[in-house]
Amino acid sequence: MNLSKPKINALLALALFTFAFLAAEFRFDINVGLLAGAERVVIAQGFILGASVIGFIGYAPLLGLVQRKGQPQAAVSAAVPIAILGLTQIQSPTGSLALEILGCLAFLGLGLLGAAAHHAFSLAFQDDPKLATGAGASYAAGILMQLAINLLDCGGIAELIVLGTVTIAISALSVVSQKAAESSNPAINPFAEPSHALAKQACWSIALAMILACLFSTLDNVVTLSNAHGTIAVQTWPRLFLAASGLAAGIIFDLAERRYMGLVMLGIAVLSTISILAVEAGADPNLGLVVFYLSSGFFVTFFTATFTQLAPRMHAPALWAGMGRAANNVCAFTTSGISLALVTSGNVALIMIGALMLLVAASVAFVAAGLFRLPQTEQEREHQQLAEEALAAPSIEEQRQAFITDHALTPREVDVLTAVTQDERPLKQIAEELGISMRMVQRHLSSIYQKTDTQTRAGLTKAFPSA
């Protein structure tokens with residue numbers, strides 16, 4: 001991977017965002033469980049995820065507003081105090097209601113910072129063949145940082161200082177990376193209208209991310225509920241699987257220019273579906289936890305790579321870069337109640353039917369989003385090359401204009417040239433149509449012959465590009 005300074009800054013910003021988001025979410029879940037009980041954790045978690053979605057979606061219009069005022073850095077700078085204020089309550093809660101309200105505020109700020117980090121990553125890694133590897137590496141780094149702070153168990157003021165410093169760093173790194181990437185890529189046009197096919201792909205990609213998120217949120221709620229009850233400990237060794245799967249996913253996805261990314265992710269979705277059934281049927285929770293974390297790393301890297309490579313070609317890159325995370329969080333927010341009800345009901349048959357329906361829907365979305373890009377055959381490559389050459393070739397109108405310019409023809413000579421090469425009309429008729437004398441037509445024609453090194457009307461017609 002060719003790591004320039006903007007890319008390093010973008011990787012760090014995305015890694016730090018992953019760490020801050022997950023660390024804050026984990027601490028929030030722990031404190032909600034202590035204050036309000038285990039059953040409240042999943043519902044409260046849905047609230048903060050919903051708040052983060054507002055931050056992710058609100059970043060683009062906020063950025064547009066401050067850019068018009070000449071202060072683009074204000075969009076992320078404003079998110080820092082918002083996040084720190086909420087994080088203070090998460091680390092030292094005064095009550096369950098205050099914890100949930102200010103927790104939402106913290107995740108609103110983190111959503112804004114996350115959108116900025118994803119936007120910076122998208123700008124820095126656009127058209128990079130190792131984009132997915134970068135996404136997976138930053139995610140793995142964030143997970144390992146969270147693992148370290150969980151093992152140190154430095155909650156309260158110490159963890160607040162760490163998270164506060166990290167939010168400031170995310171803001172600074174995102175701004176620096178965006179400026180550097182934009183200055184080194186002047187061709188970026190944030191107002192470029194996407195094609196109909198690209199817009200369709202983007203919409204289906206959102207649908208796919210939400211469908212897959214439904215699968216993973218069900219597993220996530222199983223893990224969250226078990227952690228709240230003390231059955232398993234999600235802050236320790238299973239996190240290593242999550243980091244490893246994120247990094248492995250990036251490397252695997254980048255093989256063959258990410259052509260197999262869709263197929264690999266579909267296989268992971270099947271594995272996750274099986275995990276849901278196995279855990280609910282009574283399999284060892286730790287075994288299901290390992291499978292869940294291995295799958296989750298692939299999922300996060302998948303939606304990060306999908307939308308960050310799509311964003312630069314869309315009308316609002318700042319919105320689309322973080323759309324994968326937003327789609328995941330909004331789905332987790334809207335389905336948390338239903339998922340929790342399914343998990344606690346123990347109705348394996350109902351869960352099985354729902355999981356299979358989601359898997360079928362995911363397969364349809366994969367195809368519609370164009371994510372099953374198998375390697376091209378030799379014939380397909382030849383057709384594509386011919387199509388690209390045809391698009392690159394100048395149009396007839398451009399060829400005609402070049403002919404006129406190269407031979408320095410006057411406007412009246414152009415009129416005569418167009419008329420005599422259009423068909424075989426007599427010169428007398430052409431003179432009448434142009435409103436000039438027959439002698440003048442002949443004089444112009446002689447001049448055209450001389451300038452174009454032709455001698456006859458047929459030769460001139462052959463030399464002048466035809467429609």
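**Entry 1: Met265 and the cores**

I began with Met265 in this predicted model and listed its contacts, leaving out residues up to four places away in sequence. Met265 touches Leu212, Phe216, Phe253, Phe298, Phe299, Phe302 and Phe366.

I then asked which nonpolar core is the largest and which of its residues have the most contacts inside it. The largest nonpolar core holds 104 residues, and Met265 is named with Tyr59, Phe107, Leu212 and Phe302 as having the most contacts within it. I noted that Leu212 and Phe302 are also on the contact list of Met265.

Which helix gives this core its largest share? I found that helix H1, residues 5-36, supplies 14 residues, the largest share.

I also recorded a second, separate core of 17 residues, including Leu409, Ile430, Leu445 and Tyr449.

**Entry 2: Helices H18 and H19**

I next looked up the packing of H18 (residues 427-434) against H19 (residues 438-452). The two helices pack at an angle of about 105°, and their axes are 9 Å apart.

On the H18 side I listed Leu427, Lys428 and Ala431; they meet Met438, Val441, Gln442 and Leu445 of H19. By class, this contact has five nonpolar residues, one polar and one charged. Leu445 of this contact is also a member of the second core.

**Entry 3: Ser174**

I located Ser174 in helix H7, which spans residues 157-184. Is Ser174 buried or exposed? Its relative accessibility is 0%, so I counted Ser174 as buried, the cut-off being under 20%.

I then searched for a polar partner of its side chain. A polar atom of the Ser174 side chain lies 2.8 Å from the backbone oxygen of Ile170. Apart from neighbours within four places in sequence, I found Ser174 in contact with Ala13, Ala116, Ala117 and Ala120.

**Entry 4: Gly109**

I placed Gly109 in helix H5, residues 96-125. Gly109 also has 0% relative accessibility and therefore counts as buried.

Which residues does Gly109 touch, when those up to four places away in sequence are not counted? I listed Ala79, Ile82 and Ala83.

Finally, I checked the separation of Gly109 from Thr167. In sequence they are 58 residues apart; in space, their C-alpha atoms are 9.1 Å apart.

Key. Residues numbered from 1 in each chain as written. Predicted model: local features only at pLDDT ≥ 70, side-chain atom pairs only at ≥ 80, totals over all residues. Heavy atoms only, no water. Axes fitted to C-alpha atoms, helices over the stretch in contact; angles between N-to-C directions. Helix = DSSP H or I, 4+ residues; strand = E, 2+ residues; numbered from the N terminus. Contact = heavy atoms within 4.5 Å. Nonpolar A, V, L, I, M, F, W, Y, C, P; charged D, E, K, R; others polar. Core = buried A, V, L, I, M, F, W, Y, C linked by side-chain atoms within 4.5 Å. Buried < 20%, exposed > 50% of the residue type's maximum accessible area, 1.4 Å probe, protein only. Polar contact = N/O pair within 3.5 Å; in protein donor to acceptor, adjacent residues only side chain to side chain.
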